[in-house]
Amino acid sequence: MSEPDDRHIDAEFPALADLLRTDRRNVLKLMAASMALAGLPGCGPAPDTVAARGRGVPGHTPGEPLFFATSLTLDGYGTGVLVRSDEGHPTKIEGNPLHPASLGATDAFTQAEVLTFHDPDRSRAARLDGQPQPARRLDRALAEVAAELAARRGEGLRILTGPTSSPSLAGLLAELTERLPGAHWHQHAPLGPDAVRDGARLVFGEPLETRHDLGKARVIVTLDADILGPGPHQVAYARGFAAGRGEPEAGRKAEMNRLYAVESTPGATGARADRRLALPPSAIAAFAHRLAVRLGVAEGEAEGDPLLDAMAADLRAAGPGALVVAGRHLPAETHALVHAVNHALGAVGTTVHHTAPVLAGPWDAPASLEALAADMAAGAVSHLVILEANPAYTAPGDLGFADLLAKVPFTLHLGLWADETAALCHWHAPMAHALESWGDARAWDGTVGLVQPVAVPQHGRRTPQEVVAALAGRPGAAQDLVRQSFQGDDAAWRQALHDGVVPGTALPSRTVAPAPGWRPSPPPVAGGGLEVVFAPDPSVWDGRFANNAWLQELPKPLSKIVWDNAILLAPATAERLGLENGDVADLTLGGRTLHGPVWTLPGHAPDTLTLPLGHGRWSAGRVGTAVGFDAYRVRRSATPWLEAGATLRATGERAALATTQRHATMAGRDVVRTAPPPPQEPPPSIYPDYAYEGHAWGMAVDLNACIGCNACVTACQAENNVPVVGREEVARGREMHWLRVDRYFEGDRTLFQPMLCMHCEKAPCEVVCPVNATVHDGEGLNVMVYNRCIGTRYCSNNCPYKVRRFNWFDYAQEDAVPAEAANPGVTVRVRGVMEKCTYCTQRIAAARIRAELENRPIADGEVVTACQQACPSGAIVFGDVNDSGSAVSRRKRSPRNYALLGELNTRPRTTYLARVDNPPAGEGA
């Protein structure tokens, strides 16, 4: 037998390359290792390295899931989660109620991390110049580099990271730069909140973290700040906002908070605002200055403006309960002005809290990246190590970062994928996902959350801490490196692992005041031409989620576009330029040109273009590569968020954008109510009533709390194995989501309504099914018997709510979701059957079994549907309507409660609570 080619062994089994070479010595090594591994379990207990949160870990029953408390990060900020593991596979993520950033809920990004973990495109081997290498060769290369750098005290070494709040990583980097004084740590945060900290430095004299308590705010004014939109603070802000809305029943409307939103690009905050104003970005800075004049913080003429007068009066009346927030992309001078306004109103300490920065490292990330680029161009960088960042894609186009990488003799990239930066570096090392890592991260208030593995890392994947430790000449295991930075004994360590948070680590609030002599700067002068706003994409964020099929197929909250991005603009601006939805245009900005389709959004500011970032990847993976256009190419480091002087010219081409807006539409009917409906008795029905003597499950959705964030949609998809169908099938109206969030425009208001199976008492779908595949059970659920379904689709045709989905193809076999990510408690459906929301019947069954084993009834709140558990604002409540004291029964007794299309007399078990706005005095609701 001929000897195998060593290159094939290295490529297929990089971590075992040494042992798999077929000579006698290595065969004996393998035999000895097998015997040792077989005997080890009998020598003593397995190492207890992970603390599972859940029932009976010591006596765990095989087949039952385990739950682990850990943390995930977005833009460096940590969010505490509980991860369900089925036989070693993470299958579902929920919020950790003990963590201040999640409070038991999640956003769509967090829900989709399960799919990112199981992504088959994740890097599986170290690579040198694109060729797979065994892990030992990378270890040897790091050791050689460490020795070389130590000899010259780190001269020429640059480390570039993404934003991080990890105490252990920050400590290791500080130790490294202390040992090697010639080394420098740089940071790149494409969506970083630098202007907020810069504004604090201008007015208070130091860069500070600013967080807001929306639950205590009575009057909120947002200046192009989408505080309810996607981002690391969304869950906490949504929960606080919903709490501030209260229960606006009769006579209690005065207890509601009031939200004013001034914005250029329509967002979730503007959609939920009681009063909204659309302005170009340059005009928003001037608007902020005029508001400050009325509040006595700035000097100038107080021109007549009824809206400004109403805002100022409300803010003064609210006093400490007032809150003004500026968007991340507004100038630092505007942020300084807003900081001063909040201080003058007495809001600091109540609705506004300033602390030391949560994120570690160079706080001015744009300047840090520019300094690194300058050193690379000058040939001052001999070794560049990039940790968990993709600057070849996300750096502003004018820096030419991808070209500068070729000037560095040694480059190493650590990342989850062999992405754009990895392709241009000499070495690429596969990074361990947070669900298979040891680490730590601070929440938005500074609370430290521990990161512990839910699964065993494979393919030689490593953490940033391990790479930095190796460069410092003291390589170690990730767990040991994190444990060394933990302040506490073993008991405290295990308790922190169990809870997911380290108590007492929140950063203390600072008492601050404007520095003597500070004066607000005059507002900037507006530039000519069209203004451009760069914004994160609500589905793929800055591009990191581009290869996640769940998020690519998630309809964007306002445009409802999937699998693409578009140049967003106002309908009037598009009409003036002769453009329609789907027209491809050339956008020219500062001599740089971008080619992409346009899409109009009602409520968008005039003469303003919004460019969503995060698409146009050229090395994202099989899902995310070549999807949409890359807006980073026309972004400049000097003006990363706003720039004027753009031109937009039609090319005559058309793009087939897939959007779900017109799918299953009920527009024109009385579906989203914005006032309490008149009470009325249901009309008589020809169908007999049924007495539910046990449980009668139902749901109530509060439209006054819903922010349209889509967390419920992704949670339902993850929980119920809902398949991905792809762009072409969505364009045909065949998306499979069991739950959708409908969006309606009503005048200058945007209304959201989650839509799922109504579980009608008098279900029109049941009477037309020829094989009795859709039936009612004894607890009021409209259930599907998949084995009976023959795919006539009569039930879908007879459903007035259009919430049923048909498997036209074997989507579950063809989609981009690996089998390991599937929930084993839910049937995977096949081609030719109808499917729809089941109220998470598997969760009801689990609670029933648990209650029977413990000889007790099911408690209220014990059954929580996936959508309810994920909802950041608590808009969804589920439970037993036969229990008069249950939360869902209390909601259904509200005068705002109504049945959707109740005139059809289907008597749905899912009902809605009408949205109630709180406009300024003198304006109608």
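The legends below describe close-up views of a predicted model.

**View 1**
Strand S15 covers residues 410–415, and six of its six residues are buried. In a regular strand the side chains alternate between the two faces of the sheet. On one side of S15 lie Phe410, Leu412 and Leu414, and on the other Thr411, His413 and Gly415; both faces are covered. Strand S14 (residues 383–387) pairs with S15 in the parallel sense over five bridges. Strand S16 (residues 427–430) also runs parallel to S15 and is joined to S15 by four bridges.

**View 2**
Four strands form an open sheet in the order S11-S10-S9-S12, with parallel pairing. Strands S11 (275–278) and S12 (322–326) are the edge strands, each pairing on one side only. Neighbouring strands of this sheet are turned by 10 degrees against each other on average, direction ignored. Within the sheet, S9 (residues 219–223) and S10 (residues 258–263) pair over five bridges in the parallel sense, and Leu259 in S10 is the bridge partner of Ile220. Helix H9 (residues 281–294) packs on the sheet and touches S9, S10 and S11; the direction of H9 makes about 145 degrees with that of S9. Helix H11 also packs on the sheet, touching S9 and S12, and its direction makes about 175 degrees with that of S12.

**View 3. Helix H11, residues 332–345.**
At 1.5 Å a residue, the 14 residues of H11 should span 20 Å, which agrees with the 20 Å between its end C-alpha atoms. Eleven of the 14 residues are buried, so H11 is largely enclosed by the rest of the structure. Among the buried residues are His335, Leu337, Val338, His339, Val341, Asn342 and Leu345. Just after the helix, Gly346 takes a positive phi of about 80 degrees.

**View 4. The largest nonpolar core and the surroundings of Tyr801.**
The largest nonpolar core has 124 residues, and those with the most contacts inside it are Ile567, Leu611, Leu648, Tyr801, Tyr839 and Leu900. Helix H3 (residues 108–117) gives the most to this core, with six residues. Apart from this core lies another, of 37 residues, including Leu208, Leu223, Leu291 and Leu330. Not counting residues up to four places away in sequence, Tyr801 touches Met666, Arg740, Met755, Met758, Cys760, Leu900, Leu901, Thr906 and Pro908.

Technical notes:
Residues numbered from 1 in each chain as written. Predicted model: local features only at pLDDT ≥ 70, side-chain atom pairs only at ≥ 80, totals over all residues. Heavy atoms only, no water. Buried < 20%, exposed > 50% of the residue type's maximum accessible area, 1.4 Å probe, protein only. Pairing = 2+ DSSP bridges. Expected span 1.5 Å × (residues − 1). Core = buried A, V, L, I, M, F, W, Y, C linked by side-chain atoms within 4.5 Å. Contact = heavy atoms within 4.5 Å. Axes fitted to C-alpha atoms, helices over the stretch in contact; angles between N-to-C directions.
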